[in-house]
Amino acid sequence: MRTTSKILLGLLIVLIAIQFIKPTRNINPQTQQGSIINYMSVPENVQGILKKACYDCHSNNTKYPWYANIQPVAWYLAHHVNEGKEKLNFDEFASYKAKKQDHKLEEVVETVEKGEMPVSSYTFIHKEAKLSEQEKTLLIGWAKKARASLSVAALNH
Ligand code: HEC
């Protein structure tokens with residue numbers, strides 16, 4: 001067998017082998033009690049934006065595309081989801097201390113204003129998650145209002 005064929009065959013075997021190493025999926029429908037939606041006022045249109053553009057990485061439930069069944073794509077996605085969720089999980093928002101809630105909402109304003117969120121590798125594939133100027137304004141306006149609604153007493157705690 002020629003060396004190139006050996007290398008190709010080796011690669012193929014590795015590719016097949018890694019298909020069996022699947023990361024845990026972020027699907028937990030029962031864990032939404034702490035959702036921001038149950039906790040503070042989030043108008044329908046803002047909920048719609050959060051769901052289509054943020055929830056895949058910042059909630060307890062990701063909607064997976066078909067290619068999420070393929071390794072190493074799934075590992076890459078899992079990494080993004082875990083990192084995103086760790087920083088900000090809209091399904092656990094109610095359990096954050098008031099100070100943390102305030103800070104996260106401030107970050108929402110900042111990251112959306114700067115166009116850092118939703119991440120560009122995501123909007124490249126999920127075109128519907130790309131926010132229009134109007135959607136950005138709506139989301140930012142809501143986050144500012146939500147911050148203002150957090151009680152001063154709780155924040156000083
Ligand atoms: C493809 C996954 C993905 C999507 C979709 C996404 N994010 Fe993120 N987000 C991340 C990751 C990963 C991080 C952490 C790394 C970083 O800060 O760049 C993060 C960080 C953040 C942070 C910073 C939190 C902190 O305390 O540092 C905020 C705020 C945020 N995202 C808001 C949003 C909002 C709002 C949306 C929707 C408009 C969104 N994200 C969509 C993956 C995502």
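**The iron site and its surroundings**

Reply: M117 counts as partly exposed, at 33% relative accessibility. Buried means under 20% relative accessible area, exposed over 50% and partly exposed in between, with a 1.4 Å probe and protein chains only. This is a predicted model, in which local features need pLDDT of at least 70 and side-chain atom pairs count only at pLDDT 80 or more, whereas totals for chains, interfaces and linings use all residues. Residues are numbered from 1 along each chain as its sequence is written, and side-chain values use heavy atoms, leaving out hydrogens and water.

Me: Which protein donors does the iron atom of the ligand have?

Reply: Donors are N, O and S atoms within 2.8 Å of the metal (3.2 Å for Na, K and Ca); water is not among the atoms, so sites may look incomplete. Here the protein donors of the iron atom of the ligand are NE2 of H58 and SD of M117, lying 2.0 to 2.3 Å from it. H58 lies in helix 4 and M117 in the loop between helix 6 and helix 7, so the pair ties together parts that are 59 residues apart in sequence. Helices are DSSP runs of H or I with at least four residues, strands are runs of E with at least two, and both are numbered from the N terminus.

Me: Is H58 buried or exposed?

Reply: H58 is buried, with a relative accessible area of 13%.

Me: What is the geometry of the site of the iron atom?

Reply: Ideal angles for six octahedral donors are 90 or 180 degrees. Six donors count as octahedral if opposite donors are over 155 degrees apart and all others between 65 and 115. In this model the site of the iron atom of the ligand is octahedral, with angles of 84 to 178° among its 6 donor atoms.

Me: Which residues of helix 3 are buried?

Reply: In helix 3 (residues 44-53), the buried residues are V46, Q47, I49, L50 and A53. They cover an arc of only 160° around the axis, as given by the directions from the helix axis to the C-beta atoms, which puts them on the same side of helix 3. These buried residues pack against helix 2 (36-39), helix 4 (55-58), helix 7 (120-125) and helix 8 (133-149).

Me: How many residues are in the largest nonpolar core?

Reply: A nonpolar core is a set of buried Ala, Val, Leu, Ile, Met, Phe, Trp, Tyr and Cys residues joined through side-chain atoms within 4.5 Å. The largest one has 28 residues, and those with the most contacts inside it are I36, L50, F90, L105, L139 and W142. Helix 3, helix 6 (98-113) and helix 8 are the elements that give two or more residues to this core.

Methods
Contact = heavy atoms within 4.5 Å. Tetrahedral: all angles 85-135°; square planar, octahedral: opposite > 155°, others 65-115°.
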